[in-house]
Amino acid sequence: MPPAITAEGLVKKYGDTVALDGMDLSVPEGTVFGLLGPNGAGKTTTVRILTTLLRPDAGRAAVAGFDVVADADRLRAHIGVSGQYAAVDDHLTGAENLEMVGRLYHLGAKRSRRRARELLERFDLTDAADRPVQGYSGGMRRRLDLAGALVADPPVLFLDEPTTGLDPRARTTLWDVVAELVAGGTTVLLTTQYLEEADRLAETIAVVDHGRVIALGTADQLKDRIGGDRIQVTVESAVDLETVRRTLAPLAIGDVQTDAVASQVTIPVVNGAAALTAALGRLAAEGVVVRDAGLRRPTLDEVFLTLTGHHTVEHTKESVR
Amino acid sequence: MSTLRFALADGMTIAKRNAIKIKRAPDLLGGVVILPIVFVLLFAYVFGSMIDLPGLSYREYMIPGIFVQTIVMSAQITGYTLTLDLQKGIFDRFRTLPMAPSAVLTGQTLSDLITNLTSIVVMALVGLAVGWRIHTSPHEAVLGFVLLLLFAYAFSWVTAAVALALRKPEVFNNLATIVSMPLVFLSNAFVDSARLPGPLRAVAEWNPVSTIIQAARELFGNTGSAMPVPDAWPLQNAVTASLLWSALLLIVFVPLSTRLYKRAVSQ
């Protein structure tokens, strides 16, 4: 089966700023692909090109078998898009918004109306269906926007930072919806700043920096490359920090970090659960009083530090696009 | 379904969306209903009571001017809402849908046409209540209203082009006020343009707003020897000149707006 999304050497410049610098992607049909990166890395620009909103300066891309430039008109019937900023109309009700989208997908009046009601129910918006969107909360708007992307049951779905601004419950709902869609054969490309989210949803993750893919693989492969899980130990008394460091150093596969203010030691490990059990045994043997201990995933910042040698923070000054 | 049928259907969908917006937004509804009423009453009573013309009611003379003034002024509101839409994500949504790209503008101008029709009906009724009369045959009167609507429709495309070129709501609002005030007041809407000093007179006589107003006055019979028609071609042949103006605006601004729309949304 040909890939649902391909991109080869996409380049996009805004004046002197290079937003995309040779972006390559290949997303197999019926899978979830995660673009992971900080603000300004080129995630949104990539989505805008793949959804026909922007023309690339160089390179080519195809979605669902249609070239994003030459076949843009025909391509649009096969994609659904939910952007970072909710694209909904304030003065229209939730139902009217979705019906309008259905009409513009040429579903016809009756099917548009039925589809609108179905989606409102699915996203827990039935009670607000006939109220103007003006009165919706930020999370409700995001949900409605997402529903808008699903109106035509598109085979390829683009979600640009879909959970930004959602509360934990809505986030779980969204994750469930994505899982359901993919089980039904939909291809999903999503962007996120959270490794946890990419890990949870995406089979393949591309880490993006300066408009290029700098690492590609499954969540496990990436985590192995950047040193797997982290054990985080908090002690009662900061005087024990050095003991903890010394005791756990043999388990670490990278730099051990000590945070004196939080009385915390972070150790990169492989085989997280087994390593955590071993760590707690060693600390008990040394007589260290542990207040809290646990396993956590590397943060995006740690991923970046390992892969690029720089933190994500410097990116945030650049343009969001 | 053919491409043309899609384009029409999509335009209707967008027009319906705009109509719902106007119904729900008090500021927009005010522009369609309240503003025209205020204009007619204010000008009819404030100026209409002060000025006396032999053999012609100044109030009647003024009403067609107020029709056109309202068309020009309320076009600002639709241009402004277009710039607001541009700032939100809604056009991004539209552009990723398999809809006709022309539908956003045809829908917008179509809903403008409906609001203009509403405004003109409201103004005509209020006008009749305060003493405005049509002195011509029914078919001349109908032609008068059609001519006003045609100009209003063409002017919608002008506003759309300006809004799409400027894109920022504040910038648009400032410019629209600066341009529309002289456009309305440097015309024959309220004064006899022949009595203006040289350069201003030339501007007023060739101002398309004057032409449309003159045509409406002729078709409604709101003319008289107290306000003779100035000796300028567009005013001497006002009906023909109005049709030419409207056609010219459409020929220039329909393609221009369409191009500006594509540019504005592909940033």
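**Note on the predicted two-chain model**

1. The side chains of B:D192 and B:R195 come together in a salt bridge with an N to O distance of 3.7 Å, the term standing for a side-chain nitrogen of Lys or Arg within 4 Å of a carboxyl oxygen of Asp or Glu. B:D192 is buried, its relative accessible area being 10%, whereas B:R195 counts as exposed at 64%; buried means under 20% relative accessible area, exposed over 50%, and partly exposed in between, with a 1.4 Å probe and protein chains only. Elsewhere, A:D89, B:R17, B:K21 and B:D85 are joined into one network by salt bridges that share partners.

2. On the basis of the model: it is predicted, so that local features need pLDDT of at least 70 and side-chain atom pairs count only at pLDDT 80 or more, while totals for chains, interfaces and linings use all residues. Residues are numbered from 1 along each chain as its sequence is written, chains are lettered from A and ligands numbered from 1 in the order in which they are written, and side-chain values use heavy atoms, with hydrogens and water left out.

3. A:D130 is exposed at 53% relative accessibility, and A:R117 is partly exposed at 39%.

4. A further salt bridge in chain A brings A:R122 and A:E180 together at 2.9 Å, N to O. A:R122 belongs to helix α4 of chain A and A:E180 to helix α6 (residues 168-183) of chain A, so the pair ties together parts that are 58 residues apart in sequence. A:R122 counts as partly exposed at 30% relative accessibility, and A:E180 likewise counts as partly exposed, at 48%.

5. Is strand β3 (residues 32-36) of chain A mostly covered or uncovered? The strand is mostly covered, with 5 of its 5 residues buried, and the burial holds on both faces, with A:V32, A:G34 and A:L36 on one side and A:F33 and A:L35 on the other. β3(A) pairs in the parallel sense with strand β8 (residues 187-192) of chain A over 5 bridges, two strands being paired if DSSP finds at least two bridges between them. β3(A) also runs parallel to strand β9 (residues 204-209) of chain A, to which 4 bridges join it. A:L35 stands opposite A:T191 in β8(A) and opposite A:A206 in β9(A).

6. Chain A also holds an open sheet of 4 strands in the order β2-β1-β4-β5, with antiparallel pairing. At its edges stand β2 (17-27) and β5 (66-67) of chain A, each with a single partner strand, so one side of each is left without a neighbour in the sheet. Strand β1 (residues 5-14) of chain A pairs with β2(A) in the antiparallel sense over 8 bridges, and the bridge partner of A:I5 in β2(A) is A:V27.

7. Turning to rings, there are 13 aromatic pairs over all chains, where rings of Phe, Tyr and Trp (its six-membered ring) pair if their centres lie within 6.5 Å, planes under 30 degrees apart counting as stacked, over 60 as edge-to-face and the rest as tilted. The ring centres of B:F43 and B:F190 are 4.7 Å apart and the planes are at 10°, so the pair is stacked. B:F43 lies in helix α2 (residues 26-50) of chain B and B:F190 in the loop between α7 (169-185) and α8 (198-206) of chain B, so the pair ties together parts that are 147 residues apart in sequence. Both B:F43 and B:F190 are buried, and together with B:F39 and B:F185 they form one aromatic cluster.

8. B:T70, in helix α3 (residues 58-87) of chain B, is buried with a relative accessible area of 0%. Leaving aside residues up to four places away in sequence, B:T70 touches B:P36, B:F39 and B:M123, contact meaning heavy atoms within 4.5 Å.

Key
Helices (H or I, at least four residues) and strands (E, at least two) are DSSP runs, numbered from the N terminus.
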